[in-house]
Amino acid sequence: MQVAVLGTGAMGAGMTRSLLRAGHTVRVWNRTAARAEPLAADGATLAGTPAEAVRGADVVLLVLFDAPAVLEGLAAAGAGGRTSSAAG
């Protein structure tokens with residue numbers, strides 16, 4: 001499964017590493033690129049933009065600071081209103 005993770009702070013990095021250990025292909029993006037770079041050593045692919053991260057992904061995880069950051073991330077990824085949430 002191809003997974004995109006937008007946001008690689010403590011929680012996003014941990015989720016990325018767990019996904020990689022489970023055998024998934026993971027692309028990551030973070031507003032501060034340096035925070036995502038250590039994940040490349042673990043097998044993640046670094047994306048330069050949210051749109052690049054989500055292109056072709058089966059699942060997209062947004063692990064961002066707050067609702068405005070999530071909305072900004074969705075817009076930058078080109079969601080175009082095509083969103084769904086496990087929470088409803």
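Q: Where is Val63 found?
A: Val63 is found in the loop between β4 (59-62) and α4 (67-77). Helices here are DSSP runs of H or I with at least four residues, strands are runs of E with at least two, and both are numbered from the N terminus.

Q: What sort of model is this, and how are residues numbered?
A: This is a predicted model, in which local features need pLDDT of at least 70, side-chain atom pairs count only at pLDDT 80 or more, and totals for chains, interfaces and linings use all residues. Residues are numbered from 1 along each chain as its sequence is written, and side-chain values use heavy atoms, with hydrogens and water left out.

Q: Why is Val63 called buried?
A: Buried means under 20% relative accessible area, exposed means over 50%, and partly exposed lies in between (1.4 Å probe, protein chains only). Val63 has a relative accessible area of 19%, so Val63 counts as buried.

Q: Which residues does Val63 touch, not counting residues up to four places away in sequence?
A: Val63 touches Val5, Leu6, Gly7, Met11, Gly12 and Met15, where contact means heavy atoms within 4.5 Å. Val63 and Ala10 are 53 residues apart in sequence, and their C-alpha atoms are 9.5 Å apart in space.

Q: What makes Pro50 buried?
A: Pro50, found in helix α3, has 7% relative accessibility and therefore counts as buried. Not counting residues up to four places away in sequence, Pro50 touches Leu6, Trp29, Gly73, Ala76 and Ala77.

Q: Why is Gln2 called buried?
A: Gln2 has a relative accessible area of 17%, so Gln2 is buried. Gln2 is found in strand β1 (residues 2-6). The contacts of Gln2, leaving aside neighbours within four places in sequence, are Thr25, Val26, Arg27, Gly56, Ala57, Asp58 and Val59.

Q: How do α1 and α2 pack?
A: Helix α1 (residues 10-21) and helix α2 (residues 33-41) pack at an angle of about 20 degrees, and their axes are 11 Å apart. That makes α1 roughly parallel to α2. Angles under 35 degrees count as roughly parallel, over 145 as roughly antiparallel, 65 to 115 as roughly perpendicular and the rest as oblique. Axes are lines fitted to C-alpha atoms, for helices over the stretch in contact, and angles run from 0 to 180 degrees between N-to-C directions.

Q: Which residues of α1 and α2 meet?
A: From α1, Ala10, Ala13, Thr16, Arg17 and Leu20 meet Arg35, Pro38 and Leu39 in α2.

Q: What is the secondary structure of the protein?
A: The protein has four helices and four strands, and from the N terminus on its elements run β-α-β-α-β-α-β-α. Of the 88 residues, 33% count as buried.
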